[in-house]
Amino acid sequence: MPRIVIMGASSGIGLAVAREFASRGVRVGLAARHTSALRALREEYPDAVEYESIDITHNDAPAKLAQLIERLGGMDIYFHAAGIGYDNDGLDPHRQAEIFSVNSGGFARMLAAAYGYFRDSHRRGRIVAVTSVAGTKGIGSMAAYSASKAAASAYMVALEQLAYSEGVDVTFTDIRPGWIRTPLLRDDTVYPMEMSLPYVVPLIIRAIVRHPRVAVIDCRWRLVVALWSLLPDCVWTHIDIPLYHSKKPSAPATTGLPS
């Protein structure tokens with residue numbers, strides 16, 4: 001049975017995927033800054049779950065990841081689901097830098113640590129990461145977010161090239177979902193082609209298991225990404241894209257978050 005480490009497992013995609021794997025008897029190592037949800041999942045599946053408090057922006061994060069892997073008894077799959085930020089918040093410079101710190105700096109720190117584990121242990125492994133469809137094109141209303149996700153995708157390509165040149169037996173899967181109703185999204189806002197976690201999680205798990213090089217989720221977003229990728233920047237930069245200005249209906253909506 002493969003052993004998977006999930007970074008960013010305290011909520012949203014990471015927690016939902018962790019719960020699915022643990023319920024199937026897979027050995028799961030959970031990591032996030034806040035551990036209350038991780039502790040609860042371990043209490044629910046004590047034979048399947050280990051966890052560690054890890055802040056991916058801190059220099060001690062790789063060492064803590066190594067400790068978690070040791071307690072888990074090894075790692076076959078590293079799944080990175082940690083990330084922040086959607087809105088520009090008035091293009092606040094500090095907020096913009098924070099998004100890059102987590103989504104690019106923390107991303108590179110942890111994927112480098114995971115790659116180093118597979119390289120140094122001479123184990124076959126897989127590195128899977130959630131980026132975004134936003135990373136396929138610079139989007140003005142979410143500049144830092146889309147740019148940081150583009151950097152994450154480029155980093156995975158670079159690591160894959162490095163693995164080839166070094167003879168490291170690691171495969172990579174870049175999961176690029178559209179907007180998913182998680183705590184990252186505003187409660188009072190409607191996003192285009194918004195998806196729920198119950199709908200998305202099986203698609204993500206399928207991508208983790210089958211490990212294609214790139215998995216755009218879902219089919220509608222694959223079409224959108226294919227179309228806007230054809231537009232040259234001189235055209236794209238003159239398109240106004242209102243991504244999240246509509247208010248949600250007053251009737252309660254299902255968020256899709258696990259209870």
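This is a predicted model: local features need pLDDT of at least 70, side-chain atom pairs count only at pLDDT 80 or more; totals for chains, interfaces and linings use all residues.
Me: What holds strands of a sheet together in general?
Reply: Strands of a sheet pair through backbone hydrogen bonds, in either a parallel or an antiparallel sense.

Me: Let us look at strand 4. How many bridges join it to strand 1?
Reply: Four bridges join strand 1 (residues 3–7) to strand 4, and the two run parallel. I4 has I77 as its bridge partner in strand 4.

Me: What about strand 4 and strand 5?
Reply: Strand 4 and strand 5 are also parallel, joined by four bridges. The bridge partner of F79 in strand 5 is V128.

Me: Which way do the side chains of strand 4 point?
Reply: I77 and F79 point one way, while Y78 and H80 point the other way. All of these residues are buried.

Me: Moving along, how many bridges pair strand 5 with strand 6?
Reply: Strand 5 (residues 125–130) pairs with strand 6 (residues 170–177) over six bridges, in the parallel sense. Within strand 6, I175 is the residue opposite V130.

Me: Is A81 buried, partly exposed or exposed, and why?
Reply: A81 counts as partly exposed, because its relative accessibility is 21% and buried means under 20%.

Me: How far apart are A81 and T131?
Reply: In space they are 8.1 Å apart, C-alpha to C-alpha, and in sequence they are 50 residues apart.

Me: New topic: how many salt bridges does the structure hold?
Reply: The structure holds 16 salt bridges.

Me: What does E50 pair with?
Reply: E50 forms a salt bridge with R71, with the closest N and O atoms 3.8 Å apart. Since E50 lies in strand 3 and R71 in helix 3 (residues 61–72), the pair ties together parts that are 21 residues apart in sequence. The side chain of E50 also meets that of R42 in a salt bridge (3.8 Å, N to O).

Me: Are those residues buried or exposed?
Reply: E50 counts as buried at 15% relative accessibility. R42 is partly exposed, with a relative accessible area of 30%, and R71 is partly exposed at 37%.

Me: What about D174 and R176?
Reply: Their side chains meet in a salt bridge (3.1 Å, N to O). Both D174 and R176 are buried.

Me: Now the backbone. Where is there a cis peptide bond?
Reply: The peptide bond from I217 to D218 is cis, with omega near 10°. D218 is placed in the loop between strand 8 and helix 7.

Me: Which residues other than glycine have a positive phi?
Reply: Among them is H122, with phi near 55°, and H211 is another, with phi near 40°. Most residues other than glycine have a negative phi, and most peptide bonds are trans.

Me: Where do H122 and H211 lie?
Reply: H122 lies in the loop between helix 4 and strand 5 and is exposed, with a relative accessible area of 72%. H211 is in the loop between helix 6 (197–210) and strand 8 and counts as partly exposed at 33% relative accessibility.

Me: Last one: which residues make the nonpolar surface patch?
Reply: L223, L227 and L230 make a patch of about 350 Å². L227 lies in helix 7 (residues 219–228) and counts as exposed at 51% relative accessibility.

Note on methods:
Residues are numbered from 1 along each chain as its sequence is written. Side-chain values use heavy atoms; hydrogens and water are left out. Patches are made of residues with over 30% relative accessible area and no salt bridge: like charges are joined within 9 Å, nonpolar side chains (Val, Leu, Ile, Met, Phe, Trp, Tyr) within 5 Å. Accessible areas come from the Shrake-Rupley method with a 1.4 Å probe; for residues, only the protein chains shown count as cover. A salt bridge is a side-chain nitrogen of Lys or Arg within 4 Å of a carboxyl oxygen of Asp or Glu. Buried means under 20% relative accessible area, exposed over 50%, partly exposed in between (1.4 Å probe, protein chains only). Two strands pair if DSSP finds at least two bridges between them.
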